[in-house]
Amino acid sequence: MTGADDSRGGGNGAVTRRGFLSGAATSAAALPFTAGAVSELGADSKSAPRADTREAQTVTLRVNNQAHTLNFDSRTTLLDALRDHVGLTGTKKGCGHGQCGACTVHADGERVLSCLTFALMAEGREITTIEGLSGPEGKLHPMQQAFIDQDAFQCGYCTPGQIMSAIACVREGHAESAADIREYMSGNLCRCAAYPNIVAAIEQANNRVKGS
Ligand code: FES
Ligand code: FES
């Protein structure tokens, strides 16, 4: 669980930095040019102006079983949309570029790094954040309870991302040994070094999360 892992845990829904950069390049190619870019190219300068990608887009995101219709710049990350537009600040910004795992959320049950995901790409997917884990009466999710029981945090800044990643780690079948847990949680860094307690918490919650 130490060191930034380029593969971010290896689950089906894991976002790799290489994959993101490749996807971003493809997306950038597909996006219309900005007015500035068109005039620089010269050849297209007389064609009709295209939409400016900085203009606000209206997007409906489903977060924790609620629909939110929002307006934001198309370059907005899912992380910033959640924190600044939906008002859910439980998801944390650590590095902002795919190295720490603090921003981990679920999209259709798969873990994704919200700092590397454009909010537009999340339309039509069910997003779950740390705020969406507890039951209607406020009962904690078994993984949240296990983190408390095992003292699996100190400052708590990495904890929302650790918990979201830990749930996916169990669901993906990678919590059968401490070594496996460490490998599949390696994209989530903890500056307080609570790693042994995090592994213990995942071991505690393993059977209950598998059945949920
Ligand atoms: S804030 Fe997303 S990986 Fe660090
Ligand atoms: S508990 Fe402080 S960074 Fe993990």
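# A predicted model: elements, cores and a helix crossing

From the N terminus on, the elements run α-α-β-β-α-β-β-β-α-α-α-α. That gives seven helices and five strands. Helices (H or I, at least four residues) and strands (E, at least two) are DSSP runs, numbered from the N terminus.

This is a predicted model: local features need pLDDT of at least 70, side-chain atom pairs count only at pLDDT 80 or more, and totals for chains, interfaces and linings use all residues. Residues are numbered from 1 along each chain as its sequence is written, chains are lettered from A and ligands numbered from 1 in the order in which they are written, and side-chain values use heavy atoms, with hydrogens and water left out.

Of the 212 residues, 42% are buried. Buried means under 20% relative accessible area, exposed over 50%, and partly exposed in between (1.4 Å probe, protein chains only). Among contacts with a separation of 6 or more, 57% join residues 24 or more positions apart. Contact means heavy atoms within 4.5 Å.

## The cores

A nonpolar core is a set of buried Ala, Val, Leu, Ile, Met, Phe, Trp, Tyr and Cys residues joined through side-chain atoms within 4.5 Å. The largest one has 26 residues. M143, F147, I163, M185, I198 and I202 touch the most other members.

Helix 7 gives the largest share, seven residues. Leaving out residues up to four places away in sequence, I202 touches M143, A166, V170, A175, I181 and M185. Another core, of 16 residues, lies apart from it; V63, F72, V105 and V112 are among its members.

## Helix 5 against helix 7

How do two packed helices get described? By the angle between their axes and the distance between the axes. The axes of helix 5 and helix 7 come within 9 Å and cross at roughly 50°. Q162, A166, I167, V170 and R171 in helix 5 meet I198, I202, N206, V209 and K210 in helix 7.

## Helix 3

Helix 3 spans residues 78-86, and its buried residues are L78, L79, A81, L82 and V86. Their cover includes strand 1 (56-63), strand 2 (66-73), strand 3 (104-107) and strand 5 (126-128). G87 follows helix 3, with a positive phi near 90°.

Definitions and conventions:
Axes are lines fitted to C-alpha atoms, for helices over the stretch in contact, and angles run from 0 to 180 degrees between N-to-C directions.
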